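Please look over the sequence and the model below. The report that follows takes up selected residues, the sheet, a helix pair and the confidence scores.

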Amino acid sequence: MAHNEVALNGTQISYIGHDCKDIPESLGNTYGHMATRLDLSFNQLRSLEGLQMFTALEELVVDNNLLGNDLKLPRLPKLHTLMLNKNQLTDIEALLEHLADVTPSLEYLSLLGNEACLNQLVSPDKDEDDYQRYRYYVLHKLPQLRFLDTRKVTKREVMEAMTRGAFMKVVRPKSEVLSKEARSESDTLPYTPLPRESRDARNHKGVFAKCHYVYYGKHSEGNRFIRNDQL
């Protein structure tokens, strides 16, 4: 891994669009002790082995990878923001139980573009009621969340999740699971967590900006997370 492949801004590390299948060991050795934000979007990651080197991590972005139901994160006690958009996650229960165990400080979570997230981006047959039931179930498992996918978590949602969330898990019959061949062209478009120009390893302008929220492009409007001082 060449150092010019990494975009560095203080304690924020970006390693985007290199088609890597594993987190480079040199990335952890060099930056793991100091990185508070790590962006590994647009790679070919099937696991997050090596993430244990990033002991101070507060924000993790792994959009547009190949992470599946065998996803395992190390314990990250400081992690408050996790972006898992456009991966291959289908088992919402296993994922949420794992996150509850290893990310106790998690407040911002986005799962858009996964079959585990029941919205019309990957499930055209689902409607707003299905998505709301999914939100109740997620908040039942992770009641400390302040922002989920495209929306801020409301007090009413938290109350509903406490009383009814355990019964909101939606089990999709195998016959309803859409194959990759059957998905529409719009479903197969890359889910963009960052402006296009920032994904060029030779041009890191725009990867990081001084602002009060993080915005990852027109295809991820929901990932405009509101910071604590704006709530």
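## A loop residue and its contacts

D91 touches N69 and A116, not counting residues up to four places away in sequence. The model is predicted. D91 and A116 are 25 residues apart in sequence. In space, their C-alpha atoms are 5.8 Å apart. D91 sits in the loop between β5 (81-83) and α2 (92-102). D91 has a relative accessible area of 33%, so this residue counts as partly exposed.

K86 is placed in that loop between β5 and α2 too. Is K86 buried or exposed? K86 counts as buried, because its relative accessibility is 18% and the cut-off for buried is under 20%.

## Positive phi

Most residues other than glycine have a negative phi. K86 has a phi near 55°, a positive value in a residue that is not glycine. D149 is not a glycine either, yet has a positive phi of about 55°.

D149 lies in the loop between β7 (147-148) and β8. The relative accessible area of D149 is 0%, so D149 is buried.

## The sheet

The protein chain has 5 helices and 10 strands. An open sheet takes in 8 strands, with mixed pairing. Their order is β1-β2-β3-β4-β5-β6-β7-β8. Which strands stand at the edges? They are β1 (7-9) and β8 (151-152). Each has a single partner strand, so one side of each is left without a neighbour in the sheet.

Strand β3 (residues 37-39) pairs with strand β4 (residues 59-61). The pairing is parallel and runs over 3 bridges. R37 stands opposite E59 in β4.

## A residue in the edge strand

L8 belongs to strand β1. With a relative accessible area of 47%, L8 is partly exposed. Leaving aside neighbours within four places in sequence, L8 is in contact with I13, Y31 and M34. L8 and L38 are 30 residues apart in sequence. Their C-alpha atoms are 9.8 Å apart in space.

## A helix pair

Two packed helices are described by the angle between their axes and the distance between the axes. Here the pair is α3 (residues 128-141) and α4 (residues 155-164). Their axes come within 8 Å and cross at roughly 75°. An angle of 65 to 115 degrees counts as roughly perpendicular, so α3 is roughly perpendicular to α4.

Which residues of α3 meet α4? They are Q132, R135, Y136, L139 and H140. On the α4 side, the residues are R156, E157, E160, A161 and R164. The residues of this contact divide into 3 nonpolar, 2 polar and 5 charged.

## Chain totals and confidence

Of the 231 residues in the protein chain, 49% are buried. Among contacts with a separation of 6 or more, 56% join residues 24 or more positions apart.

How confident is the prediction, and what is the average pLDDT of the protein chain? The average is 79, and 68% of the residues score at least 70. Over residues 173-224, the pLDDT is below 50. Beyond near neighbours in sequence, this stretch has 104 contacts in the model.

Note on methods: Residues are numbered from 1 along each chain as its sequence is written. This is a predicted model: local features need pLDDT of at least 70, side-chain atom pairs count only at pLDDT 80 or more; totals for chains, interfaces and linings use all residues. Side-chain values use heavy atoms; hydrogens and water are left out. Axes are lines fitted to C-alpha atoms, for helices over the stretch in contact, and angles run from 0 to 180 degrees between N-to-C directions. Helices (H or I, at least four residues) and strands (E, at least two) are DSSP runs, numbered from the N terminus. Angles under 35 degrees count as roughly parallel, over 145 as roughly antiparallel, 65 to 115 as roughly perpendicular and the rest as oblique. Contact means heavy atoms within 4.5 Å. Ala, Val, Leu, Ile, Met, Phe, Trp, Tyr, Cys and Pro count as nonpolar, Asp, Glu, Lys and Arg as charged, and the others, Gly among them, as polar. pLDDT is the predictor's confidence in each residue, from 0 to 100. Two strands pair if DSSP finds at least two bridges between them. Buried means under 20% relative accessible area, exposed over 50%, partly exposed in between (1.4 Å probe, protein chains only).
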